[in-house]
Amino acid sequence: MSDTIENIKKQINDNPILIYMKGTPQLPQCGFSAQTVQALMACGERFAFVNVLDNPDIRAELPKVGNWPTFPQLWVEGELVGGCDIIVEMYQNGELEPLVKEAAARANDGNEQPSA
Amino acid sequence: MNETIAMSIQASIEDKLQALEPDFLQVENESHRHSVPANSETHFKVTLVSSRFQGLMPVKRHQQIYAVLAEELSGPVHALALHLYTPQEWQSRGGNRPDSPNCRGGSQA
């Protein structure tokens, strides 16, 4: 397995809410990435992002990992949720926010010390 | 005998997607909305209605299309917007599909 694929798998495992996109959330470089990250930001939780334009190795290898050829890609708790069309549709019908909020809540629980 | 039929990418996409037995299929070339040369075939939008999508999550539906169009996606096609519905979902939407976003990047993005 290549280092890039191991790196991608680590990113997906370590970040409960992760978007691979073209550009950054502040300055998206593609209309599809812009729409998707806007929907994600509207959910009001912290998330990680990877700019695939700055990471050509990830851009080349990620499509094999998720069996998904295009960007953006939103991964939540290790699962590919979808690209622009799916995420925007989920946002509009109210499914995205609970998915993102629940993932964020579970991640926060995991980081806290168990109380006695 | 070697007969080559020059088929546009759009026609080839339409042809291959017949494998999903669509009730409705529309393939739109949206390349003119992006920073690519005139008459390019790089950005497409597909609206496809098929009972094959019954019971499938969105990611699985998209992956079925990606499998059928693997050749196009690994080569000339750069963006593929997919709007995939079951006949019931399509009917309840009244036959509407969302618009694609406008381009934000340069020719390399």
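Reply: The answer begins with the pockets and then turns to the rings and the backbone.

The model is predicted, so local features need pLDDT of at least 70 and side-chain atom pairs pLDDT of 80 or more, whereas totals for chains, interfaces and linings use all residues. Residues are numbered from 1 along each chain as its sequence is written, chains are lettered from A and ligands numbered from 1 in the order written, and side-chain values use heavy atoms, without hydrogens or water.

The pocket is lined by 27 residues, and I86(A), M90(A), M57(B), P58(B) and V59(B) are the closest to its centre. Two or more lining residues come from each of β4 (79–82), α4 (84–92) and α5 (96–111) in chain A, and from each of α2, β3 (79–85) and α4 (87–93) in chain B. These elements are DSSP runs numbered from the N terminus: helices are H or I with at least four residues, strands E with at least two. The most is given by α2(B), with six residues.

The second largest pocket has a volume of about 550 Å³. Its lining holds 35 residues, of which K22(A), T70(A), F71(A), H78(B) and A79(B) are the closest to the centre. Here α2 (31–41), α3 and α4 of chain A give two or more residues each, as do α2, α3 (70–74) and β3 of chain B. The most comes from β3(B), with three residues.

F71(A) is also of interest for its backbone: the peptide bond from F71(A) to P72(A) is cis, with omega near 5°. P72(A) is in the loop between α3 and β3 of chain A.

Three aromatic pairs are counted over all chains. In one of them, the ring centres of W68(A) and Y66(B) are 4.8 Å apart and the planes stand at 85°, so the pair is edge-to-face. For such pairs, Phe, Tyr and Trp (six-membered) ring centres lie within 6.5 Å; planes under 30 degrees apart are stacked, over 60 edge-to-face, the rest tilted. W68(A) belongs to the loop between α3 (56–66) and β3 (73–76) of chain A, while Y66(B) belongs to helix α2 (residues 58–68) of chain B, so the pair joins two chains. Both W68(A) and Y66(B) are buried (under 20% relative accessible area with a 1.4 Å probe on protein chains only; over 50% is exposed, and in between is partly exposed). Elsewhere, ring pairs link F24(B), Y85(B) and W90(B) into a cluster.

Most residues other than glycine have a negative phi, and most peptide bonds are trans. E77(A), in the loop between β3 and β4 of chain A, has a positive phi near 50° and is partly exposed, at 38% relative accessible area. N39(B) has a positive phi near 65°; N39(B) sits in the loop between β1 and β2 (43–49) of chain B and is exposed, at 79% relative accessibility.

How values were computed
On a 1 Å grid over the protein atoms alone, a cavity is a set of points where a 1.4 Å probe fits but cannot get out, and a pocket is an open set with protein on both sides within 12 Å along at least five of seven lines; lining residues have an atom within 4 Å of a point. Grid points are joined across faces, edges and corners, and a volume is the space filled by probe spheres set on the points.
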